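Have a look at the fold before reading on.

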Amino acid sequence: MLILVIHVNLDQSCQFLYNSAMLTKEEVIKIAQLARIELSEKEVEKFRVEVSTVLDYVDELKQVDVSGLEEVSQVTGLVNVQREDKAVEAENIEQILSQAPEIQDGYYKVKAIL
């Protein structure tokens with residue numbers, strides 16, 4: 001028998017605690033209701049097997065000894081490089097404005113949209 005417990009932390013995140021056994025039909029229906037997903041009878045059976053398989057795999061991963069290993073978020077060593085966001089005056093304003101069908105006070109003139 002599988003016992004499924006939903007633990008709600010103060011930050012409203014949920015964790016599923018389980019043992020490795022096949023989910024029951026009622027448990028799949030309850031999970032679907034919580035996720036606001038409507039399932040047919042055929043889908044309930046399909047997800048009963050698939051979710052149980054995923055939970056078994058997660059249980060298997062929990063048994064791996066990771067003590068002493070450094071936490072890694074990426075392995076390439078690449079970092080995001082961002083330039084400072086600052087406004088600069090374009091050097092070719094006259095050339096840019098020459099492409100506009102109509103100009104008013106140094107800006108493109110466009111039709112009102114509201």
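Let's begin with R48, which forms a salt bridge with E45, the closest N and O atoms being 3.1 Å apart. A salt bridge here is a side-chain nitrogen of Lys or Arg within 4 Å of a carboxyl oxygen of Asp or Glu. R48 and E45 both sit in helix α2, 3 residues apart, about one turn of the helix. As for accessibility, R48 counts as partly exposed at 23%, and E45 also counts as partly exposed, at 40%. The scale behind those words: buried is under 20% relative accessible area, exposed is over 50%, and partly exposed is in between (1.4 Å probe, protein chains only).

A word on ground rules. This is a predicted model, where local features need pLDDT of at least 70 and side-chain atom pairs count only at pLDDT 80 or more, while totals for chains, interfaces and linings use all residues. Residues are numbered from 1 along each chain as its sequence is written, and side-chain values use heavy atoms, with hydrogens and water left out.

How many salt bridges does a search of the whole structure find? It finds 3, and here they are:

| Pair | Closest N and O atoms |
|---|---|
| E41 and K25 | 2.9 Å |
| R48 and E45 | 3.1 Å |
| K109 and E102 | 3.5 Å |

E41 counts as exposed at 54% relative accessibility, whereas K25 is partly exposed at 35%. In the remaining pair, K109 is partly exposed with a relative accessible area of 41%, and E102 is partly exposed with 43%.

Now for a charged residue without a partner. E27 lies in helix α1 and is buried, yet has no salt bridge. The nearest side chain of opposite charge is R48, 7.1 Å away; for this count Lys and Arg are positive and Asp and Glu negative, with His and the chain ends not counted. What does the side chain of E27 reach? The answer is the backbone nitrogen of T24, at 2.8 Å.

L23 is found in the loop between β2 (14-17) and α1. L23 is buried, with a relative accessible area of 1%. The C-alpha atoms of L23 and S52 are separated by 5.8 Å, although the two residues are 29 residues apart along the chain.

The largest pocket has a volume of about 200 Å³. Of the 10 residues lining it, the closest to its centre are V28, I31, A32, F47 and V51. Helices α1 (25-34) and α2 (41-62) are the elements that give two or more residues to that lining. By class, the lining divides into 10 nonpolar residues, no polar and no charged.

Zooming out, the protein chain has 3 helices and 4 strands, in the order β-β-α-α-α-β-β along the sequence. Helices (H or I, at least four residues) and strands (E, at least two) are DSSP runs, numbered from the N terminus. Buried residues make up 10% of the 114 residues in the protein chain.

Methods: 1 Å grid on protein atoms, 1.4 Å probe; cavity = no way out; pocket = protein on both sides within 12 Å on 5 of 7 lines; lining within 4 Å. Points joined across faces, edges and corners; volume = space filled by probe spheres on them. Nonpolar A, V, L, I, M, F, W, Y, C, P; charged D, E, K, R; others polar. Polar contact = N/O pair within 3.5 Å; in protein donor to acceptor, adjacent residues only side chain to side chain.
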